[in-house]
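Biologist: Could you take me through this model? I would like to begin with how the chains meet.

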Amino acid sequence: MSKILVCIKRVVDYNVRIRVKPDGSGVITDNVKMGINPFDEIALEEALRLKERGVASEVVVVSIGPAETQQQLRTALAMGADRALLVEHAYAIEPLTAARVFLKLVEKEAPLLVITGKQAIDDDNGQTGQMLAALWDRPQACFASKVEINGNIAKVTREVDAGLETLELDLPAVITTDLRLNEPRYVKLPEIMKAKKKPLETLTLDALGITASKQFNVTKVTPPPVKQKGVMVKDVTELVATLKQMGSL
Amino acid sequence: MNKILVIAEHMAGVVNTSTHKSVACALLIPDAEVDVAVLAADDKAAMHAAKLAGVKSVINVTRNEFTEFVASTAAPAIAELAANYTHVFAPSTTFGKDVLPRVAALLGVGQLSDIMIVNGSHSFVRPIYAGNALVHIDADPAKKLLATVRIASFQPVTETGDATIETANITASLPTHTRFVERSSADNAGPDLQSATRVVSGGRALGSAENFQLIYKLAKQLGAAVGASRAAVDAGYAANDLQVGQTGKIIAPDLYIAVGISGAIQHLTGIKDARTIVAINKDSEAPIFEVADIGLVGDLFTLLPELQKQLGG
Ligand SMILES: Cc1cc2nc3c(=O)[nH]c(=O)nc-3n(C[C@H](O)[C@H](O)[C@H](O)COP(=O)(O)OP(=O)(O)OC[C@H]3O[C@@H](n4cnc5c(N)ncnc54)[C@H](O)[C@@H]3O)c2cc1C
C-alpha cells in the first residue's frame with residue numbers, strides 16, 4: 001500500500017515575539033521556544049487521518065535542520081508518524097535546495113502523496129512544496145482546506161483570494177496545507193514514550209549528493225518601522241470627532 | 001538593461017489590481033523595460049493589460065488550457081516566456097504564490113517572496129516572521145530573478161497606457177495531470193477587501209454569525225469592506241475569504257476598524273500598512289491598542305449601535 005511523506009520544519013514557536021539583533025545580523029533565536037511549523041503540523045495531522053481512513057499505510061515525516069530538529073521529529077512520531085528522516089544541516093538553506101533534498105527523499109520513498117505546510121512562519125517563503133512538485137514533475141495543490149483521495153485521484157479544495165477552488169490531481173502529487181484543513185491532535189504521554197522507539201534515520205546533504213545553492217545574500221536584518229503611539233478616546237463622540245479631525249471620515 | 005516580465009492575474013477578462021501594483025514595483029527597477037504576460041483563453045484580459053501605464057508590451061498567450069488558471073499547467077508556459085527576461089514578477093496573492101515558485105524550480109533558480117522595497121535591480125527588502133523583521137537581500141545578478149510582490153506596499157499604476165499586444169506561441173507541452181473542477185465565492189456585497197479604502201473587521205467577540213451583521217451594517221454605512229479575524233472565520237461568523245492577516249489578506253486601507261479583535265501578531269501582519277487603525281475592545285490591555293491610532297475601550301454591543309447612530313443611521 002501507499003506511503004505519505006510529510007515535510008516539517010523546526011521554527012520559532014508562533015507565540016514568541018521576535019526581536020531583531022542589535023547588530024542587524026538576524027533575529028534572536030537563542031533560548032527561544034521552538035516547535036513544529038504550525039502549517040506542517042496540520043500537514044502531518046492530515047496524513048495521519050488519511051492513514052486512519054485506510055488511504056495510506058505509512059506516514060514518513062522528514063525534515064532538514066540542525067541536530068535539535070530530532071525533538072520536532074520525535075513529537076511528530078508521538079503524534080503518530082511511523083518513522084522519521086532528518087537531513088542534518090546546521091545552516092538555513094534556500095527553498096530550492098530544500099526542494100532538491102526532498103526530491104531525493106521522494107525518489108527513495110516513492111510516496112503517493114507529499115503533504116507540507118503552505119509556508120514556514122520563520123522566513124515566510126511559501127515555496128518549497130511548489131518547487132518540489134515542479135522538480136518531481138507532479139501536480140500541486142496549494143493552500144488546501146479539504147482533501148479527498150479516491151484511488152489514484154485527489155480532489156483538493158484550496159483557499160484562494162476569491163474564495164474556494166477545487167482541483168483534481170493525478171497522484172502522486174504535492175499538497176500544501178492551510179489553517180482550516182484540520183485541527184492537529186495533542187500528543188499523549190504514552191505516545192511520547194512509544195515514539196522514542198520509532199525509527200529516526202539521519203542523513204546529510206553530502207550523502208544525498210546535494211550542495212546548497214545560494215542566490216540570495218542577506219546583507220542585514222532590521223526591525224520594522226515603529227508606529228507612532230496612538231490616542232485613547234473615552235467615548236463614541238470623541239472617536240467620531242477624532243476621525244473627522246484626522247480626515248478619516 | 002533589465003527586462004522584466006510581470007505575470008498578470010486576471011479573472012473574467014479583467015486584470016486584477018494586484019497586477020497594476022506589481023507593474024508599479026517592476027517600474028522601480030533601474031533601467032527597466034516592463035512587459036506583462038497574459039495567459040488566457042481569449043484576448044479580453046490582454047486588451048485590459050495594454051492600458052497599464054508604463055508597460056511596453058503585453059505578451060498574449062491564448063490557449064484553451066488557460067480558461068481557468070491552473071498553476072501546474074501554466075508554469076511550463078511561463079518558464080518558456082521567461083527566457084527573454086532578467087526578472088519575472090507576480091503578485092503575492094494566492095495566484096502568484098501558487099505558480100511562481102513552480103516556475104522558478106523549472107528554471108532552476110530561487111525566488112524572493114513578498115518584496116516590499118526595491119533598492120536596486122538585485123537588491124530588495126522583504127518581511128520575515130510575519131513582518132516582525134525585515135531582511136535586506138542582495139541577489140546574485142548572474143541568475144534570473146523571480147519574485148512575488150507584496151501588493152500592500154505599492155500603489156497601482158493608472159490605466160492610461162497604450163502597450164502593444166504581441167502574440168506568443170508556446171512550444172512547451174502543458175501537463176494535464178491537474179484539472180480545475182470549480183470555484184465558489186461567498187457572496188460578499190460591498191467593496192473588495194483587498195482594494196477597499198475602508199475596512200471594518202470583526203473578531204471572536206462578535207459571538208455569532210447573527211451578531212456579525214453588526215459589522216456588515218457599520219461597513220455599509222462607511223462604504224467599507226468587511227474583514228474578520230481567524231477566530232471569527234473559524235467559528236463560522238464570517239466567510240474564509242474575509243480573513244485578514246498572515247494567512248488571510250494583507251491589506252492597506254486608509255481606515256481600518258478592528259472590533260472585538262485582540263491583535264495577535266498574525267492578525268497585525270495583515271494591517272501594518274493601514275493608514276489609520278481604530279480599535280474597539282473591552283480589554284484595555286489588548287495588544288491591538290499597541291498598534292491602534294485611536295483606541296476605544298468598551299463593550300462593542302453598546303458602542304457599535306451608538307457609533308452607527310452618530311454616523312447618521
Ligand atoms: C500560523 C498561524 C497563522 C494565523 N493567521 C492568522 C490570520 O491570518 N489572521 C488572524 O486574524 N489570526 C491568525 N491566527 C490566529 C491568531 O493567533 C489569533 O488566534 C486570532 O487572530 C484571534 O482572533 P480574535 O482576535 O478575533 O480572538 P481573540 O484573541 O479571542 O480576541 C477577542 C477579543 O475580543 C475582546 N472582546 C470580547 N468581548 C468583547 C466585547 N463585548 N466588546 C469588545 N471587545 C470584546 C476581547 O477582549 C479580546 O481582545 C493565526 C495563528 C497561527 C498559529
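Modeller: The contact takes 85 residues from chain B and 78 residues from chain A, where contact means heavy atoms within 4.5 Å. This is a predicted model, in which local features need pLDDT of at least 70, side-chain atom pairs count only at pLDDT 80 or more, and totals for chains, interfaces and linings use all residues. Residues are numbered from 1 along each chain as its sequence is written, chains are lettered from A and ligands numbered from 1 in the order in which they are written, and side-chain values use heavy atoms, with hydrogens and water left out.

Biologist: How much area do chain B and chain A bury between them?

Modeller: About 6,800 Å², with 53% of it on carbon and sulfur atoms. Buried area here is the accessible area (1.4 Å probe) that two parts lose on being put together, summed over both. In chain B, the residues that lose the most area to chain A are Tyr129(B), His136(B) and Arg179(B), together 11% of what that side buries.

Biologist: And how many salt bridges are found across the interface?

Modeller: The rule finds seven between chain B and chain A; a salt bridge is a side-chain nitrogen of Lys or Arg within 4 Å of a carboxyl oxygen of Asp or Glu. Arg179(B) forms a salt bridge with Asp170(A), and their closest N and O atoms are 2.7 Å apart.

Biologist: Which residues does Val221(A) touch?

Modeller: Not counting residues up to four places away in sequence, Val221(A) touches Val20(A), Gly24(A), Ser25(A), Gly26(A) and Val27(A), as well as Ala133(B), Leu134(B) and Val135(B). Val221(A) lies in strand β12 (residues 216-222) of chain A. Helices (H or I, at least four residues) and strands (E, at least two) are DSSP runs, numbered from the N terminus.

Biologist: Why does Val221(A) count as buried?

Modeller: Because its relative accessibility is 6%, and buried means under 20% relative accessible area, exposed over 50%, and partly exposed in between (1.4 Å probe, protein chains only).

Biologist: How far is Val221(A) from Val55(A)?

Modeller: Their C-alpha atoms are separated by 44 Å, and the two residues are 166 apart along the chain.

Biologist: Changing topic, what is chain A like overall?

Modeller: Chain A has six helices and 13 strands, and its C-alpha trace spans about 65 × 40 × 40 Å along its principal axes. Of its 249 residues, 55% count as buried. Among contacts in chain A with a separation of 6 or more, 71% come from residues 24 or more positions apart.

Biologist: Where is Thr69(A), and what is it in contact with?

Modeller: Thr69(A) is in helix α2 (residues 69-79) of chain A. Apart from neighbours within four places in sequence, Thr69(A) is in contact with Arg10(A), Ser63(A) and Leu86(A). At 1% relative accessibility, Thr69(A) counts as buried.

Biologist: Is Leu189(A) buried or exposed?

Modeller: Leu189(A) counts as exposed, at 60% relative accessibility, and its place is in helix α5 (residues 189-195) of chain A.
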